[in-house]
Amino acid sequence: MSPARGARKIMTPPLRIGVIGCADIAVRRLLPAMAAAPGVVPVAVASRSAERAAETARAFGCRPVHGYAGLLAADDVDAVYVPLPAALHAEWVERALLAGKHVLAEKPLTLSSERTAELFALARSRGLVLMENVMFVHHGQHAAVRALVSGGAIGELRAFHAAFTIPRLAPGDIRYDADLGGGALWDVGVYPVRAALHFLGPDLTVVGSMLSSGRVTGVDTLGAALLRTPDGVAAHLTFGLEHAYVSTYTLHGGEGRITVDRAFTPPADHRPRVRVERRSGVEEPPLDAEDQVVATVTAFARAVAAGTCDGAASLRQAELLDELRDAAALTTRRS
């Protein structure tokens, strides 16, 4: 039935987001996505530097705010995005929630599962949405892979391999600063751990892990882990800050395997490459390019509109990261 003539469509007001800090990921990825996502508008950018706030805000038609606390006090800000160094997430996420703001925070949400649980409990108690910015799970290529696996494309699942490694960072990068929550596990290890949860479910246990540190950095710069499901499916994970770039995962089954390249941080114009290999041959189902950053911001806005705050995956991820760090004996390479 068509709407009655003269009926007025009820418009939902856009979600007004402020950004705490002018981190590279905010300027390069999230602010453009906020400007492009339906139902979202960036309204303010805060920085400890008035000049930096003004420069960043000007580029996106926002209002500059000098100091983070001023942004939290703003009446025209419904939600905040927190792209600060990992060690500062907990403080500013908590302060934002106490100020009545919904929060989208960079990963890892905090540096401990206990603190992560506390923040999700606080969000729920105040009727607010807290979401960790793990973007790859919002890309449609992974739903396509799930459908292939559940449809029996590779038979019974036997193992999962995932790797996310990036080249050596510039000296002084915050990811080399232990006091700011640096290190390979927190920065890039999150991706294969979350991918394992995404495909194998929450009942993973840690079989073993290792972390290795360079002499200069004082943080873990590479690592590996072995996890398993209750029925014996193994997850082999590799991550590091001193490698050739690799962003991939493979699901191994009794009758074939599925491999996804550019799995975790694909550009918006990247056509996904999902490779299905079986004895009968190789197939690559055609998939459309997607902007997973816009998809993430859109998912956050929808969660706010619906009033849903499901942090189960982020909390289990935090628990596994704790367990992996506890199980690893940090070693220093002598090369």
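This is a predicted model: local features need pLDDT of at least 70, side-chain atom pairs count only at pLDDT 80 or more; totals for chains, interfaces and linings use all residues.
**View 1. Strands β1 and β2 run side by side.** Here β1 (15-20) and β2 (40-47) pair in the parallel sense over six bridges. Strands of a sheet pair through backbone hydrogen bonds, and the pairing can be parallel or antiparallel. Is β2 mostly enclosed or open? Seven of its eight residues are buried, so β2 is largely enclosed by the rest of the structure.

**View 2. Six strands make an open sheet.** Read the strands across the sheet and you get the order β3-β2-β1-β4-β5-β6, with parallel pairing. The edges belong to β3 (63-66) and β6 (130-133); each has a single partner strand, so one side of each has no neighbour in the sheet. From one strand to the next, the twist averages 25 degrees. Inside this sheet, β4 (residues 79-82) and β5 (residues 102-106) pair in the parallel sense over four bridges. A handy landmark is Val80, which stands opposite Val103 in β5.

**View 3. Helix α1 lies across the sheet strands.** Follow helix α1 (residues 24-36) and you will see that α1 lies across β1, β2, β4, β5 and β6. Relative to β2, the helix runs at about 150 degrees. Helix α1 also turns up in the next view, as one of the elements that each supply at least two residues of the lining of the largest pocket.

**View 4. The largest pocket has 38 lining residues.** How much space lies in the largest pocket? The volume is about 1,100 Å³. Of the 38 residues in its lining, Asp24, Ile25, Ile174, Arg175 and Asp187 lie nearest the centre. Helices α1, α4 (86-98) and α7 (184-200) each supply at least two lining residues. Sorted by class, the lining has 19 nonpolar, eight polar and 11 charged residues.

**View 5. The second largest pocket draws on β6 and several helices.** This pocket has a volume of about 350 Å³. It is lined by 18 residues, and those nearest its centre are Met131, His138, Arg194, Asp310 and Ser314. Two or more lining residues come from each of β6, α7, α8 (292-306) and α9. The largest share, three residues, comes from β6. By class, there are 10 nonpolar, five polar and three charged residues in this lining.

**View 6. Two cavities sit within the structure.** The structure holds two cavities of 30 Å³ or more. The largest has a volume of about 50 Å³, and its lining includes Pro108, Thr116, Trp186 and Ser314. Which element gives the largest share of this lining? Helix α9 (residues 312-327) does, with five residues. The lining has five nonpolar, four polar and two charged residues. In the second largest cavity there is about 40 Å³ of space, and among the residues lining this second cavity are Glu106, Asn133, Phe136 and Tyr191. Here the classes divide into four nonpolar, three polar and two charged.

**View 7. Gly181 is a buried loop residue.** Look for Gly181 in the loop between β7 (157-165) and α7. Is Gly181 buried or exposed? Its relative accessibility is 8%, below the 20% cut-off, so Gly181 counts as buried. Beyond its neighbours within four places in sequence, Gly181 is in contact with Ala86, Ala87, Leu111 and Trp186. Val149, for its part, is 32 residues from Gly181 in sequence and 36 Å away in space, C-alpha to C-alpha.

View 8. With β7, strand β11 (residues 246-253) pairs in the antiparallel sense over eight bridges. Phe160 has Leu251 as its bridge partner in β11. Strand β11 also pairs with β12 (residues 256-261), in the antiparallel sense over five bridges, and Tyr249 stands opposite Val260 in β12. A hairpin joins β11 to β12 through two residues. Six of the eight residues of β11 are buried, so this strand is largely enclosed by the rest of the structure.

Definitions and conventions. Residues are numbered from 1 along each chain as its sequence is written. Side-chain values use heavy atoms; hydrogens and water are left out. On a 1 Å grid over the protein atoms alone, a cavity is a set of points where a 1.4 Å probe fits but cannot get out, and a pocket is an open set with protein on both sides within 12 Å along at least five of seven lines; lining residues have an atom within 4 Å of a point. Grid points are joined across faces, edges and corners, and a volume is the space filled by probe spheres set on the points. Ala, Val, Leu, Ile, Met, Phe, Trp, Tyr, Cys and Pro count as nonpolar, Asp, Glu, Lys and Arg as charged, and the others, Gly among them, as polar. Two strands pair if DSSP finds at least two bridges between them. Axes are lines fitted to C-alpha atoms, for helices over the stretch in contact, and angles run from 0 to 180 degrees between N-to-C directions. Contact means heavy atoms within 4.5 Å. Buried means under 20% relative accessible area, exposed over 50%, partly exposed in between (1.4 Å probe, protein chains only).
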